[in-house]
Amino acid sequence: METVFTLPPLNPILPEILLLCIGLVLIGIDLFFPRNRELLTRITLLAGVGLIAALLYQEPASSFGTMFVVDSYALFFKVVCLTGLVLATLMSDRYLDMEGIHQGEYYSLMVFSVVGMMFMASAGDLIVVYLGLELMALSIYCLVGLQKHEHRSNEAALKYFLMGSFSSAILLFGISIVYGMTGTTDIRGIGQAITDMSLINNPALMTGFVMILAGFCFKVAAAPFHFWAPDIYEGAPTSVTAFMSVAPKAASFAVLGRILFVAFPEIHHHWDIVVAVIALLTMAVGNIMALSQTSIKRMLAYSSIGHAGYALLGVLPGTAEGLSATMNYLLIYALMNMGAFAILILMCDKNNRRESLEAYKGLAGTNPMAAALMLIFFFSLAGIPPTAGFVGKFYLLKAALAAGYTCTVVGAVLLSAVSAWFYLKVVRYMYMSEPGESFTISYTPSLLVVVWIAVIGVVGLGIMPGTLLDWAASSLIGS
């Protein structure tokens with residue numbers, strides 16, 4: 001009997017195909033027109049903005065059976081990842097020129113990493129999850145090491161590659177165990193098999209689940225799998241650090257939410273305790289270790305670890321309200337963190353990166369605009385009203401408290417108060433110290449666009465959060 005091959009519908013996967021082609025075009029442009037840097041930036045920006053607009057109108061669908069799923073949940077996270085790409089591209093041009101980083105490699109790798117993130121967001125099968133994850137991770141390993149003549153960049157890339165490979169192996173081993181127990185890698189099929197085969201208390205299944213959870217905790221820099229983040233964030237080019245602190249984290253949370261809420265909802269009474277411990281430990285490590293940092297970049301690395309802990313609070317209850325709060329928080333975090341890194345890049349010049357706290361002494365006197373903008377972003381990161389950071393944390397804590405996780409919420413509030421100390425320490429340096437080095441900040445148009453997008457988002461969503469909350473609530477799995 002002759003087997004007839006039919007091509008699955010490609011419309012659902014068209015944005016990923018287009019973005020992949022754009023990445024290849026960027027390589028071609030860099031090969032034939034190596035001096036045309038502006039064209040590379042413009043194409044990347046147009047691709048990011050155009051795809052964001054297109055995704056907002058994409059209809060729910062699936063392709064390759066149920067291996068690739070386009071639903072409102074996937075579209076939300078794709079928009080967050082593409083927003084990270086657009087903002088990182090806008091803040092990169094001046095920085096790449098200053099650091100002498102090859103732009104063709106940079107933009108094409110960034111685009112390829114986002115293709116992997118988009119596959120992760122739409123993955124309905126663990127095999128697609130792994131393929132998307134590796135495309136994302138391999139691209140970012142290379143991005144971290146693009147400062148080829150910089151010792152700390154080379155060290156960071158090697159460390160990230162070795163530890164990332166190890167975490168991917170753990171994740172793949174967990175997937176193989178779950179497949180062995182359930183007979184499927186389909187995410188929805190795993191949930192059905194656990195119910196049908198009465199695997200709720202099966203120790204082998206729990207072992208596979210824990211290994212999958214550990215793999216994704218590494219990707220979001222959750223403790224005790226966070227140890228890679230400070231060195232890699234500090235060693236990577238600053239624009240890459242800004243990008244990887246936002247977009248890969250969002251993509252990993254997209255997969256984590258789909259796996260926990262679709263594949264393993266029946267064992268919630270097992271994994272909620274594990275997630276609660278990881279969330280508290282992550283917030284504690286991130287916020288307490290940040291207190292002693294003298295480098296703003298390294299402090300923001302530990303801050304990123306702490307914020308991963310806050311985002312886990314929404315996943316913890318296993319409720320729609322909690323997942324919606326996490327989605328809401330990840331977009332808010334993208335805006336406020338990218339804004340803070342944009343100011344960090346503004347402070348740089350060819351002779352001095354100005355990453356230390358000492359560089360911010362008296363900044364309000366020498367560069368009042370930069371100080372005021374950093375104040376807004378740090379207030380939001382600390383969760384001080386009326387910024388979006390406060391709104392994001394409030395709904396995360398509310399969801400966890402409504403589900404009965406009172407002790408976890410109390411711990412989160414106390415650790416949030418700890419985080420205010422190191423954010424406000426920078427504010428004190430800017431406003432209450434005598435100016436140190438006098439220097440002029442060059443406000444390039446593209447960096448100003450990033451800063452004002454972030455400011456409008458942080459302040460606007462802090463005062464009127466309704467639109468974002470409604471969007472996140474309407475983008476839940478299955479809606």
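The model is predicted: local features need pLDDT of at least 70, side-chain atom pairs count only at pLDDT 80 or more, and totals for chains, interfaces and linings use all residues. Residues are numbered from 1 along each chain as its sequence is written, and side-chain values use heavy atoms, leaving out hydrogens and water.

Visitor: Are α5 and α8 roughly parallel or roughly antiparallel?
Guide: Happy to show you! Helix α5 (residues 126–144) and helix α8 (residues 203–219) have axes 13 Å apart and pack at an angle of about 30°. Angles under 35 degrees count as roughly parallel and over 145 as roughly antiparallel. So the pair is roughly parallel.

Visitor: Which residues of α8 make the contact with α5?
Guide: Contact means heavy atoms within 4.5 Å. From α5 come L126, V129, L133, A137 and Y141. Their partners on α8 are I212, F216 and K219.

Visitor: How many charged residues does the contact of α5 with α8 have?
Guide: Asp, Glu, Lys and Arg count as charged, while Ala, Val, Leu, Ile, Met, Phe, Trp, Tyr, Cys and Pro count as nonpolar and the others, Gly among them, as polar. The contact has 7 nonpolar and no polar residues, and the number of charged ones is 1.

Visitor: Which element gives the largest share of the lining of the largest pocket?
Guide: The lining includes V79, L331, I453 and W471. Elements giving two or more residues are α14 (320–346), α19 (445–463), α20 (466–474) and α3 (72–99). The largest share, 4 residues, comes from α3.

Notes. Axes fitted to C-alpha atoms, helices over the stretch in contact; angles between N-to-C directions. Parallel < 35°, antiparallel > 145°, perpendicular 65-115°, else oblique. 1 Å grid on protein atoms, 1.4 Å probe; cavity = no way out; pocket = protein on both sides within 12 Å on 5 of 7 lines; lining within 4 Å.
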